[in-house]
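Dear colleague,

My notes on it follow.

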Amino acid sequence: MANAEEISSFIALILNIFSSYTAVTLNIITIYVLRKISSLPKPVRILLLSLAVSDLAVGLIVQPLAIATLVTQNNEDTFQFEKASEVFGICFTAASFLNITALGADRFLAIHLHLRYQELVTHRRIVTAVITIWVFSATVSLFDLWDRTTAAQATFLAIVVVCFISTTFFYFKIYLTVRHLTNQSHTLQVQKASQNVESTSQNTASQRKSAIAIFYVYIVFLLCYLPRYSIYFANMVSSHEPSVAEEILIIYAVALVHLNSSLNPLIYAWKMRPIQHAIMEILRNILSKHCSTLLAIVIVCFISATFFYCKIYLTVRHLTNQIHTLQVQQTSQNVESTSQNTARQRKSSIATFYVYIVFLLCNLPHYSINIANWTLVHLSSSLNPLIYAWKMRPIRHAIMEILQNILSKHCC
């Protein structure tokens with residue numbers, strides 16, 4: 001079982017290293033996109049920003065500490081890393097949990113209150129709620145550091161259970177309301193008696209989509225966090241030291257909790273169209289800026305590699321003739337060893353040359369198509385004016401008149 005625990009620790013280590021990188025990268029992109037876009041409702045944007053910050057902190061602080069804990073197992077530094085990982089982990093995972101609960105409450109109010117929602121859910125109240133979430137999360141983590149009694153653990157577990165029940169209630173009510181709104185929007189689309197009805201239908205549809213997107217966030221959160229809290233509850237009730245099998249389960253459960261920070265940005269990009277479009281625009285801008293540079297690098301590499309292998313081919317031919325001459329002569333042992341050394345170099349060069357030929361056959365069509373596409377894209381800018389002059393008579397006549405005026409002036 002000890003060997004199984006070591007294997008589990010190694011797997012958890014690999015998962016944490018990978019998900020730490022993805023959590024940091026994806027959440028930085030998400031924070032940038034959420035600050036840029038304005039099509040999402042402001043309360044949703046603020047709460048999603050808060051959730052993205054907590055997920056970023058998990059990848060930036062909690063997971064490196066968890067990695068250090070796994071690397072320094074059975075070491076004198078293990079306890080410090082484990083304690084720091086636990087304190088920061090409680091703070092940021094509690095913030096994530098409370099942010100998801102707040103998102104559920106916000107979408108519940110948006111769907112049920114309709115016009116009164118904007119009066120009750122103001123920017124100031126949302127900011128206050130976010131600050132309260134972070135202060136409460138920090139307090140809970142410090143409280144866990146100072147007081148590890150059964151009463152403190154029971155209080156923490158009670159808060160978790162209340163959040164789970166309330167969030168489940170919110171999303172269940174959202175699900176029922178979304179079903180009702182879907183039927184209602186279908187009826188409104190059939191009728192479409194006035195512009196007001198149409199705008200109401202669009203508003204209802206946008207609220208429904210944002211509620212469904214956040215519902216997916218909650219479902220993934222539930223799948224990632226429920227195993228960890230179930231084990232925590234079981235250990236607290238049994239009040240005995242966890243066995244090796246339970247330790248293995250805890251290792252995987254904690255890795256799953258950390259993985260949630262990488263999955264949330266993927267859900268935003270998948271289910272929230274404004275975020276999806278903003279990310280695609282950012283990627284397009286990056287690719288358009290660096291496309292010509294990359295293409296130049298590829299062309300230089302192809303030319304350089306072709307030059308090197310041409311020189312290798314000519315040298316190999318020369319070496320082949322030299323080896324043949326040496327084999328015919330073979331006047332001494334020294335000449336024979338030189339012949340063998342030359343033959344080895346020739347074989348390795350030929351092998352590398354075959355690698356290059358196969359690489360060229362596999363990659364050249366792809367890069368040729370890219371170069372052709374790139375050329376055609378830029379050629380389009382030259383062809384468009386010719387099409388205007390050819391197919392649009394007013395433009396053609398205007399161009400002809402301009403040319404006549406230029407020619408008449410210069411001819412005179």
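The unreviewed UniProt entry lists residues 12-34, 46-67, 87-105, 126-146, 152-172, 211-229, 249-270 and 291-314 under "transmembrane region". In the model, which is a predicted one, residues 12-34 are 100% helix and 0% strand, with the end C-alpha atoms 31 Å apart. The span of residues 46-67 is likewise 100% helix and 0% strand, and 31 Å separates its end C-alpha atoms.

As to confidence, the protein chain has a mean pLDDT of 75, and 64% of its residues reach 70 or more. Among the elements of the chain, helix α2 (residues 42-71) has the highest mean pLDDT, at 89, whereas helix α10 (residues 333-391) has the lowest, at 60. Over residues 193-199 the pLDDT stays under 50, and the model has two contacts beyond four places in sequence for this stretch.

Phe92 is part of helix α3 (residues 78-113). Its relative accessible area is 10%, which is under the 20% cut-off, and Phe92 therefore counts as buried. Not counting residues up to four places away in sequence, Phe92 touches Ser54, Ala57, Val58, Ile61, Val62 and Trp134. Phe92 and Val53 are 39 residues apart in sequence, yet their C-alpha atoms are 9.0 Å apart in space.

Ser141 is placed in helix α5 (residues 123-146). Ser141 counts as buried because its relative accessibility is 3%. Leaving aside neighbours within four places in sequence, Ser141 is in contact with Val87, Ile90 and Cys91.

Which side chains meet in a salt bridge? Those of Asp106 and Arg107 do, at 2.8 Å from N to O. The structure holds one salt bridge, and both Asp106 and Arg107 are buried.

Finally, helix α8 (residues 244-271) deserves a note on its length and its bend. Helix α8 has 28 residues, so at 1.5 Å a residue it should span 40 Å; the end C-alpha atoms are 40 Å apart, which agrees. Within α8 there is a kink of about 30 degrees at Ser262, shortly before the proline Pro265.

With kind regards

Definitions and conventions: Residues numbered from 1 in each chain as written. Predicted model: local features only at pLDDT ≥ 70, side-chain atom pairs only at ≥ 80, totals over all residues. Heavy atoms only, no water. pLDDT = per-residue confidence, 0-100. Helix = DSSP H or I, 4+ residues; strand = E, 2+ residues; numbered from the N terminus. Contact = heavy atoms within 4.5 Å. UniProt positions renumbered as here; feature names shortened; annotations may be inferred. Buried < 20%, exposed > 50% of the residue type's maximum accessible area, 1.4 Å probe, protein only. Expected span 1.5 Å × (residues − 1). Bend = angle between axes of the 7 residues up to and from the residue. Salt bridge = Lys/Arg side-chain N within 4 Å of Asp/Glu carboxyl O.
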